[in-house]
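Trainee: I have a structure to read. Please take me through the terms one at a time.

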Amino acid sequence: MNICVITGSSGLIGSESVAFFSSKFDKIIGIDNNMRAVFFGQDASTEWNTKRLVETTSNFEHHSIDIRNMSELEKVFATYNKDIKLVIHTAAQPSHDWAAREPITDFTVNANGTLNLLEATRLHSPEATFIFTSTNKVYGDTPNFLPLVELEKRWEIDPEHHYYKEGIDEKMSIDQTKHSLFGASKVAADVLVQEYGKYFEMKTAVFRGGCLTGPNHSGTQLHGFLSYLMKCAITGDKYTVFGYRGKQVRDNIHSWDLVNMFWHFYQNPRKGEVYNAGGGRHSNCSMMEAIEECEKITGKKMNYEYSENNRIGDHIWWISDVSKFKEHYPAWTMKYGIHDILSQIHNNMSQRQH
Ligand SMILES: NC(=O)c1ccc[n+]([C@@H]2O[C@H](COP(=O)([O-])OP(=O)(O)OC[C@H]3O[C@@H](n4cnc5c(N)ncnc54)[C@H](O)[C@@H]3O)[C@@H](O)[C@H]2O)c1
């Protein structure tokens, strides 16, 4: 039997992974305890998504386990052991800002939780491919010291700089920078995943996400940029833009495009690899540009205010260079751009309650 274990299976990337891999594996084991509602309130609950997956995916089995609980995790891994061929670990405390409220909770979920999963995989399913969703926050605020220029609607990097063409690559240092507590807990997890590849020779990969997005995000103020922006565009709730004159640039990758990267990696895995994974030059926008696009799609003016205070350590300009992944997996291409993503979020949100 071929089994795929997906943690955070009710979240954005986890649920996209369930949908994508359900036709490729005999069984999908989802692990998610809806901790997103504990972090961000009922409004961000992923229960609707668990229900949807259980109803629509016949080979999906949901387990409400906390990834901090090693003995519960081990029960799952001991039951299916070598049948587990792929582990996709997306469960996390995902917010930069929230982490400072409860550093211990953030660290134990993000770092210890990842170690638990790596160890459970090593002990019971050592041949499995292990995929981890890291973040560009591991680079801390180093990108803010690049030579940036202010344009009418966005910050941009100096056209002479070598990052101009493709964006920021994996060679940027992750050391001696302001990461935020979230960035620090993700660095710990990121390095552990690399180490299980390098030291134990397991098939592990780290995908350092830019903004990950898509129609199944439970967007909330502290996490889920485009999803929350579109939610406000639809409901008329006030959206706050934090600093940088609203010109901060993010690259946005559709959850399907990211999960398709996982699929390419799984078919020809490597050991302890690290990839930047974002929309790159193909799919990016500034806050002002995203607001304009939401207004076009909804046909309504957005209700937003501007606060001079940027989020601590927030990136001014981030575009991921995905050419390393493309070089390793030339058959992978990106399917969705900003307009497709926002239109899909709009359609999906107009139909659901969260
Ligand atoms: N969304 C982004 O913009 C973004 C950017 C970079 C990196 N990432 C990373 O990608 C991953 C997936 O992000 P997402 O946007 O799908 O997040 P998400 O919050 O939508 O999904 C994460 C899921 O994990 C679950 N979870 C949290 N703590 C848990 C625990 N202790 N035990 C079991 N389940 C738990 C939550 O209930 C949630 O359903 C995360 O690791 C995140 O740090 C996300």
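Mentor: Start with a β-α-β unit: E4, helix H5 (residues 103–124) and E5 form one, and it is right-handed. This is a predicted model, where local features need pLDDT of at least 70, side-chain atom pairs count only at pLDDT 80 or more, and totals for chains, interfaces and linings use all residues. Residues are numbered from 1 along each chain as its sequence is written, and side-chain values use heavy atoms, with hydrogens and water left out.

Trainee: What makes a crossover right-handed?

Mentor: View it with the strands pointing away from you; the path from the first strand over the helix to the second then runs clockwise. Helices (H or I, at least four residues) and strands (E, at least two) are DSSP runs, numbered from the N terminus.

Trainee: How do you know that E4 and E5 pair?

Mentor: Pairing takes at least two bridges found by DSSP. Strand E4 (residues 84–89) and E5 have 4 bridges, in the parallel sense, so they pair. Leucine 86 has threonine 129 in E5 as its bridge partner. E5 also runs parallel to E8, with 7 bridges. There, isoleucine 131 is bridged to alanine 205.

Trainee: Why is strand E5 called mostly covered?

Mentor: Buried means under 20% relative accessible area, exposed over 50%, and partly exposed in between (1.4 Å probe, protein chains only). In E5 (residues 129–135), 7 of 7 residues are buried. Both faces are covered, with Ile131 among the residues on one side and Phe132 among those on the other.

Trainee: Why is the pair of phenylalanine 20 and tryptophan 256 called tilted?

Mentor: Rings of Phe, Tyr and Trp (its six-membered ring) pair if their centres lie within 6.5 Å; planes under 30 degrees apart are stacked, over 60 edge-to-face, the rest tilted. A search of the whole structure finds 24 aromatic pairs. In this one the centres are 5.8 Å apart and the planes at 50°, so it is tilted. Phenylalanine 20 is in helix H1 (residues 12–21) and tryptophan 256 in helix H8 (residues 255–267), 236 residues apart.

Trainee: Are these two residues buried, exposed or partly exposed, and why?

Mentor: Phenylalanine 20 has 10%, so it is buried. Tryptophan 256 has 24%, so it is partly exposed.

Trainee: What makes the pair of phenylalanine 207 and phenylalanine 265 edge-to-face?

Mentor: The centres are 6.3 Å apart and the planes at 90°, so the pair is edge-to-face. Phenylalanine 207 is in strand E8 (residues 203–209) and phenylalanine 265 in helix H8, 58 residues apart. Phenylalanine 207 is buried at 1%, and phenylalanine 265 is buried at 0%.
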